[in-house]
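Welcome! Take a look at the model first, then read on.

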Amino acid sequence: MLPVSQFSEFVTQNRLFNSGSVVLAAVSGGMDSVLMARLLAASGQAFAIAHCNFQLRGAEADADQAFCRDLATEMNAPFHTINFDTTAFAARHKLSIQMAARQLRYQWFDELRLQNHYCTIALAHHQNDAIETILLNLTRGTGITGLHGILPQNGHLTRPLLFLGRDEIESIVSKNNIPYREDSSNSSTKYARNLIRHEVIPKLKTLNPSLERTFEHNLQHFRQLEQLLEQETDKYRQQLIIHGDELHLPLAVIRQLSPQHLLLFSLLQPYGFNRENVDRIITSLDKHSGRTFNSATHNLLLDRDKLILTENRIKEHASLTIAADAHLLNYGAFRLSVLHDDSPLVIRDNPMATSVDTDRLIYPLLMRPWQQGDTFQPLGMKGRQLLSDFFIQQKLPLHQKEQVPVLINGNGDIIWLGGYRLDDRYKVSAKTKKVTIFELNNTL
């Protein structure tokens, strides 16, 4: 028997989706994702299946794709599939194969979600995946946020199998004679996650056979500690003094923070400051005033009795003309790169980059700050929206609105809000023959 009641209870408790919506299930053909699809079907949830062929394993990958197509047919579920030239994409963008595959699949999943109005993207991560993530984060260095593991819901991504461990999944699949595909690359330990999965966790389980249950309890504690830290940070955040376009943080407040480093980092992290920045700031508190510290987006000045936080601004009314043969340009604190590509690539995972249907561009283009009265058609929407309303929805304060680079077509249309949203009229579609990729990098 499938654990349908447990599955439905977990979905309901975490408010992952409801019976009146349609879920997009990411299915590789492996044991975990096939069980997730079976549980979605058994619980009566409407869903579609999406499968990526990364063309890395030849005939084996093609067989996975055919298996998932047959599974969707059996379940009477809409089926979406795509073939990626992952190796070429990784080389072009100087990424590892794993990171390239990750970017490609999440970009495509989100595109499918928007185009077909799916409520969420269901991923088949389980308790052992959460353990592996925590151990990876600890190995690389992390704070409390990195200890909460994989969340049941993160934006439009949901993980309805987090109530199960790998051993439980294997048992369920075996007892119910559920067919699935085995990915041979999962057994390779050349990837860090596989090394932890096949060598580290088995040794830990010799110390604690109930490792999954123990970690689940730990995760609950870590998530509660994260909430507690946020509540404590909010108390001090209220003592930030708004002075025109500046934020002032009294040194008297900083000196009473306890634990000082943890709380100051929590206060300054939203402004781009990392732990090393915070170390230097604390070391300088009792030294001469006038020292400055910089993040990618903000400047922080040590004054006599306060820290003064200001933004790295794009000069008001600054504008940049972009010719058809432009490749690399400077705009305020940003460097804009323009790349022309014959493949219909959709950039989704990187908010500072976007791909546009080349045939819709009218040169010269213009990049400038937003202006009152500007409107555009946000990706996924049919109607137009004022930029001022869009910024309110994004909860952007005034000084951050002024920093958003706005890309304008030669006909006056807004093409892209750099870092936020593409205009729907300029998206890459099935009819697109060539794309132009715009990418912004902060130079500060």
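S28 is partly exposed, with a relative accessible area of 44%; partly exposed covers the range between buried (under 20%) and exposed (over 50%), using a 1.4 Å probe and protein chains only. This is a predicted model, in which local features need pLDDT of at least 70 and side-chain atom pairs count only at pLDDT 80 or more, while totals for chains, interfaces and linings use all residues. Residues are numbered from 1 along each chain as its sequence is written, and side-chain values use heavy atoms, with hydrogens and water left out.

**Around S28**

- You will find S28 in the loop between β1 (22-26) and α2; helices (H or I, at least four residues) and strands (E, at least two) are DSSP runs, numbered from the N terminus.
- Leaving out residues up to four places away in sequence, S28 touches S33, H51, D64 and C68, where contact means heavy atoms within 4.5 Å.
- The side chain of S28 also reaches the backbone nitrogen of G30 at 3.1 Å.
- An unreviewed UniProt entry places the feature "binding site" at S28, G29, G30, M31, D32 and S33; UniProt positions follow the numbering used here, feature names are shortened, and annotations may be inferred rather than shown by experiment.

**M31, another position in that record**

- M31 belongs to helix α2 and counts as buried, at 16% relative accessibility.
- Beyond its neighbours within four places in sequence, M31 is in contact with I169, E170, V173, Y180 and R181.

**The nonpolar cores**

- The largest nonpolar core has 45 residues, and those with the most contacts inside it are V27, L35, F47 and L161; such a core is a set of buried Ala, Val, Leu, Ile, Met, Phe, Trp, Tyr and Cys residues joined through side-chain atoms within 4.5 Å.
- Helix α2 (residues 31-42) gives the most to this core, with seven residues.
- Setting aside neighbours within four places in sequence, L35 is in contact with L2, L164, I169, I172, V173 and I178.

**F7 and its surroundings**

- F7 sits in helix α1 (residues 4-13) and is buried, with a relative accessible area of 1%.
- Although F7 and L161 are 154 residues apart along the chain, their C-alpha atoms are separated by 7.3 Å.

Note on methods
Polar contact = N/O pair within 3.5 Å; in protein donor to acceptor, adjacent residues only side chain to side chain.
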